[in-house]
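Trainee: I would like to go through this model and ask what stands behind each term. Please set each value against its criterion.

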Amino acid sequence: MLSRRGDSVKKLDNDAFVNMRSGASVLEADSYGDKVLLLADGTIVKLFRRKRWLSSAAWYPYAKRFADNAASLRRLGIRVPEILDLFRIPSIERDAVRYQPLPGRTLREIRREALDAGIEQELKEAFTRFVVSLHDSGVYFRSLHLGNVVYTPDHEFGLIDISDARIVDRPLRKYERARNLKRLQGIEGESEWVDLTSVVDAHRKRREARV
Ligand SMILES: Nc1ncnc2c1ncn2[C@@H]1O[C@H](COP(=O)(O)OP(=O)(O)O)[C@@H](O)[C@H]1O
Ligand SMILES: [Mg+2]
């Protein structure tokens with residue numbers, strides 16, 4: 001968690017924040033306020049509420065986890081947004097990460113078009129292979145659902161919303177692979193996007209290939 005060059009946290013006073021967000025549109029918000037902003041310059045700012053001290057978010061802020069995970073995932077060859085800045089914004093009690101959006105749109109956004117274009121099945125199979133490759137690389141992506149996966153113009157998959165991803169330096173175990181699909185399986189219209197058997201069997205196939 002040592003601060004590396006380029007990802008030090010900058011403190012933004014309220015004027016600077018108001019200035020940054022002028023002309024921005026709100027991409028996501030909840031009852032606590034804005035969560036994701038699209039700035040006038042086309043970059044995205046994701047805001048995280050600062051948690052009470054004593055919680056893990058106080059000593060390892062989500063914005064920093066987002067940036068660290070981006071670096072780790074990129075090293076594994078997985079497409080992620082390019083991190084530009086980390087901010088602390090005391091006036092609104094938020095931490096923030098600013099990034100260049102990953103080119104492309106989320107699978108949730110293009111699902112309908114994929115169906116109309118008759119490429120839905122093909123896309124689902126490619127998505128299942130992507131999930132297997134994440135697991136083989138040791139990536140446990142807790143927020144795995146179609147709204148957090150981007151399909152890029154060059155037909156690759158990438159991840160956004162990565163602050164709670166976990167990366168271990170070994171392939172995931174069978175039960176971890178199965179557990180990682182639980183959330184997706186609970187979402188109507190998205191559960192059939194991943195073939196559970198292929199994902200769980202991938203673990204066995206890897207083992208057999210080794211002996
Ligand atoms: N890197 C990105 N590339 C493209 N769109 C993005 C990107 N990051 C966020 N978005 C857009 O912003 C929305 C919310 O981002 P996300 O980080 O998933 O927020 P939330 O915490 O609300 O789920 C996404 O559904 C997507 O439409
Ligand atoms: Mg999300």
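Trainee: What makes the radius of gyration of the protein agree with that of a compact globule?

Mentor: This is a predicted model. For 211 residues, a compact globule would have a radius of gyration near 17 Å. The protein has 18 Å, which agrees. Along the principal axes, the C-alpha atoms fill a box of roughly 60 × 40 × 30 Å.

Trainee: What share of the residues is called buried, and by which cut-off?

Mentor: Buried means under 20% relative accessible area. Of the 211 residues in the protein, 42% are buried. As for the surface, the protein exposes about 12,000 Å², and carbon and sulfur atoms supply 49% of that area.

Trainee: How do you know which contacts join residues at least 24 apart in sequence?

Mentor: A contact needs heavy atoms within 4.5 Å. Among contacts between residues at least 6 apart in sequence, 62% join residues at least 24 apart.

Trainee: How many helices and strands does the protein have?

Mentor: There are eight helices and eleven strands.

Trainee: Why are strand 5 and strand 6 called paired?

Mentor: Two strands pair if DSSP finds at least two bridges between them. One of the bridges joins Ile83 to Tyr99 in strand 6. The two strands form a hairpin with four residues between them, and Glu93 in the turn has a positive phi of about 50°.

Trainee: In which sense does strand 1 pair with strand 5?

Mentor: Strand 1 (residues 9-11) and strand 5 (residues 82-89) pair in the parallel sense. They do so over three bridges, against a requirement of at least two. Val9 has Leu86 in strand 5 as its bridge partner.

Trainee: What makes strand 7 and strand 10 edge strands?

Mentor: Three strands form an open sheet in the order 7-9-10, with antiparallel pairing. Strand 7 (105-106) and strand 10 (157-159) each have a single partner strand, so one side of each is left without a neighbour in the sheet.

Trainee: How far apart are the mean positions of the positive and negative charges?

Mentor: The mean positions of the 39 positive and 31 negative charges are 7 Å apart.

How values were computed:
Residues numbered from 1 in each chain as written. Chains lettered and ligands numbered in written order. Predicted model: local features only at pLDDT ≥ 70, side-chain atom pairs only at ≥ 80, totals over all residues. Heavy atoms only, no water. Rg over C-alpha atoms; globule rule 2.2 N^0.38 Å. Buried < 20%, exposed > 50% of the residue type's maximum accessible area, 1.4 Å probe, protein only. Areas by Shrake-Rupley, 256 points an atom, 1.4 Å probe, with all protein chains shown as cover. Lys, Arg positive; Asp, Glu negative; His and termini not counted. Charge placed at Lys NZ, Arg CZ, Asp CG, Glu CD.
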